[in-house]
Amino acid sequence: MQLGSSKVSLKLSTFFKENIKGFLVSALVAVAAKFLSEHYGAPAMLLALLLGIAMNFLSDDPRTHAGIHFTARTVLRLGVALLGVRVSWEMLRDLGPEVIAWVILGVFLTIGFGVFLARLLGRSTDFGLLTGGSVAICGASAAMAIAAVLPARENDDRDLTFTVLGVTVLSTVAMIIYPVLVQLFGFDAETAGIFLGATIHDVAQVVGAGFSVSDEVGEVAVLVKLIRVSMLAPVVLLLALRVRQALASGEKHRPKILPGFLLGFAGLALLNSLGVIPDVMRSLLTELSGWALLVAIAAVGIKTSPRSIIAVGGTAIMMIVAETIFLALFVFGVVMCL
């Protein structure tokens, strides 16, 4: 018994020594990004990526290499799992079945459009799923969750970094432009909230856009946005099943049918729906999720060289812009008909 305990302690000690330096570097970049975001107003995710890319030389340093890769993968999944505390059945009930159905349809149509564009422009289907899913669901968080279940590829870190950069920039642009559009078209508070919540990529930008119009618009926008966030679990599950089936049956490293972080997401959403998570704990887990994702995206940035971002090419930029416009036009058509 004592021998077994000693082995466990040794493994934990070795794991800690191998990963702590890389994790601390990523955390330091995340803290710097948060500080700059709070003082200058730029999105923290975008700043974490850019600062991380500037420190790409640390990715190959043997002292930080393992920890950076651990942070970019494991801490990322922890952050996605904790997103489940934002979701509850109560919010679904408050919106009504018609709006929910249209929002869900928009999610799947946008992902399908991303795959269509990828094939049309000679990109991989996985890249189409990555960009389409990030635009359709919840921006950077969705991109990281989807990347976690897609099969490993030569340029997967580069594609993830590019996607997070793209959707964050476009989400910030939308946060500025879309509130002007809803006022220009004379939308009432509910319609404006539906449009903003169903089209802007990241939760933070939805909050900024919605409450810049009015408190009522902001509340509806956040509610609609959380419906899109709740689609993260089923979409990631479907993608995990797709990857599992695509690989040979004898493959030793096939992904699990239900990835652990997806189970965590669903479990926290269920507990939140049952009302068993205290408000203080919910706030704490939400904050922890935000920090975990920020630290993870800093690590992803550190792993990505500037040259690889440039190598993505103009077609990739066209895809994310086109997917954003597609979603906006679809939602605009829906709200005009409601």
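This briefing covers helix packing, salt bridges and a surface patch in one structure. The model is predicted: local features need pLDDT of at least 70, side-chain atom pairs count only at pLDDT 80 or more, and totals for chains, interfaces and linings use all residues. Residues are numbered from 1 along each chain as its sequence is written, and side-chain values use heavy atoms, with hydrogens and water left out.

**Helix packing**

- Two packed helices are described by the angle between their axes and the distance between the axes.
- Helices are DSSP runs (H or I, at least four residues), numbered from the N terminus.
- Axes are lines fitted to C-alpha atoms over the stretch in contact, and angles run from 0 to 180 degrees between N-to-C directions.
- Helix H10 (residues 203-213) and helix H11 (residues 215-230) cross at roughly 155 degrees, and their axes come within 6 Å.
- H10 and H11 are therefore roughly antiparallel (angles over 145 degrees; under 35 counts as roughly parallel, 65 to 115 as roughly perpendicular and the rest as oblique).
- Helix H8 (residues 156-184) packs with H10 at about 20 degrees, the axes being 9 Å apart.
- That makes H8 and H10 roughly parallel to each other.
- Ala 174 sits in H8 and is buried, at 6% relative accessibility.
- Buried means under 20% relative accessible area, exposed over 50%, and partly exposed in between (1.4 Å probe, protein chains only).
- Ala 174 and Ala 209 are 35 residues apart in sequence, with 8.2 Å between their C-alpha atoms.

**Salt bridges**

- The whole structure holds three salt bridges (a side-chain nitrogen of Lys or Arg within 4 Å of a carboxyl oxygen of Asp or Glu).
- Asp 61 pairs with Arg 63 at 2.8 Å, N to O; Asp 61 is buried at 15%, whereas Arg 63 is exposed at 55%.
- Arg 158 bridges to Asp 159, with the closest N and O atoms 3.0 Å apart; Arg 158 is buried at 13%, and Asp 159 is buried at 5%.
- Asp 279 meets Arg 282 at 2.7 Å between the closest N and O atoms.
- Both Asp 279 and Arg 282 lie in helix H14 (residues 279-303), three residues apart, about one turn of the helix.
- Asp 279 is exposed at 55%, while Arg 282 is partly exposed at 23%.

**Surface patch**

- Trp 89, Leu 270, Leu 271, Leu 274 and Val 276 make a nonpolar surface patch of about 550 Å².
- Patch residues have over 30% relative accessible area and no salt bridge; nonpolar side chains (Val, Leu, Ile, Met, Phe, Trp, Tyr) are joined within 5 Å, like charges within 9 Å.
- Accessible areas come from the Shrake-Rupley method with a 1.4 Å probe; for residues, only the protein chains shown count as cover.
- Trp 89 belongs to helix H4 (residues 89-95) and is exposed, at 61% relative accessible area.

Notes
Helix = DSSP H or I, 4+ residues; strand = E, 2+ residues; numbered from the N terminus.
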